[in-house]
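Let's take a walk through this model together, starting with the backbone and ending with the surface.

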Amino acid sequence: MAITDRDRKRLWGRAAGTCVVCQQKLFHEAEVPQDREALTGEEAHIHAQSPDGPRPYTGAEPFDLDGYDNLILLCRVHHRVVDEQTAKFTVKKLHEIKSAHEQWVSSRLQKISDEPAPIRLKAIKPRRGEPMSLTVIRTGREALNVAVGCGFYLYEAPDEDEISDEAGGVAAEFLTSLRDWADLSDTVTDNGLTAVMDAQRSLRDNLKELDAHGLVAFGGQRRMMLTGGTGEDMPVNMSIVVIRPENAVDDASPLVAVFADEVDLPS
């Protein structure tokens, strides 16, 4: 009988594609497109296929020599070694080596599966590859609404070679103020309409400074899924604000942009 596809998959899978004796990887990736990966593993027999081979089967009961229980995955070097050194590598010894290696692979895989997945934000809407439309932020109220209710922020100021240092400072001040008011939004709301109006007036003043320095703010919210870590996946909102020089955009139209679909967060 020949080795079945099922037994071959079990053999390679349970050994994780490595030699059971030395744990050497048994496949090597091609370094140039014209080549294909090289497989250096050999599906060896514990009991020999022939009566004259190493460790021949002498039992009275029928035995599948090409079955999984009689196979062991080895590199070429150790295939030669175990067949030449049969006093050391007995049938019992090879079964022990095979079992120990498969248990080692299983424990390593279990350890990997037990580790928390990386904490990551994944886009829900707009979805992968879809552009997002950011509207012009004209009032303090619009600015506050872009940020309130968001657990994450993506704020972008112009490059320093696009604007003056003074304008850059104004942009940074607006984005910092917007983030601060968003973080305090629960407190502001609890303190009533007067506190909300104060926040909106403060942001309005920031917007006036932006306008005086020839800058336009665009913003919106993006729906994301917070994944990884030890908790369950949770939908969250991300506040996105982009500041651009007014001579580089049409401030009567939304700013259309495409953002990354996934964002890795610090563990």
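Is Ala-16 buried, partly exposed or exposed? Ala-16 is partly exposed, because its relative accessible area is 41%, where buried means under 20%, exposed over 50% and partly exposed in between (1.4 Å probe, protein chains only). Before going on, keep in mind that this is a predicted model, in which local features need pLDDT of at least 70 and side-chain atom pairs count only at pLDDT 80 or more, while totals for chains, interfaces and linings use all residues. Residues are numbered from 1 along each chain as its sequence is written, and side-chain values use heavy atoms, with hydrogens and water left out.

Back to Ala-16: its phi is positive, about 55°, although it is not a glycine. You'll find Ala-16 in the loop between α1 (5-14) and β1 (27-28); helices (H or I, at least four residues) and strands (E, at least two) are DSSP runs, numbered from the N terminus. Gln-23 sits in the loop between α1 and β1 too, and it has a positive phi near 65°. With a relative accessible area of 37%, Gln-23 is partly exposed. Most residues other than glycine have a negative phi, and most peptide bonds are trans. Pro-126 belongs to the loop between β5 (117-125) and β6 (132-136).

Now for the inside. The largest nonpolar core has 23 residues, and Phe-174, Leu-210 and Ile-243 touch the most other members. Such a core is a set of buried Ala, Val, Leu, Ile, Met, Phe, Trp, Tyr and Cys residues joined through side-chain atoms within 4.5 Å. At least two residues of this core come from each of α4 (140-147), α5, α7 (193-212), β8 (215-229) and β9 (234-245). The largest share is that of α5, with seven residues.

Then the outside. Ala-60, in the loop between β3 (41-45) and β4 (71-75), counts as exposed because its relative accessibility is 82%. From Ala-60 to Arg-8 it is 52 residues in sequence and 26 Å in space, C-alpha to C-alpha.

One last stop is Glu-162, in the loop between β7 (152-156) and α5 (165-183). Glu-162 is partly exposed, at 42% relative accessible area.
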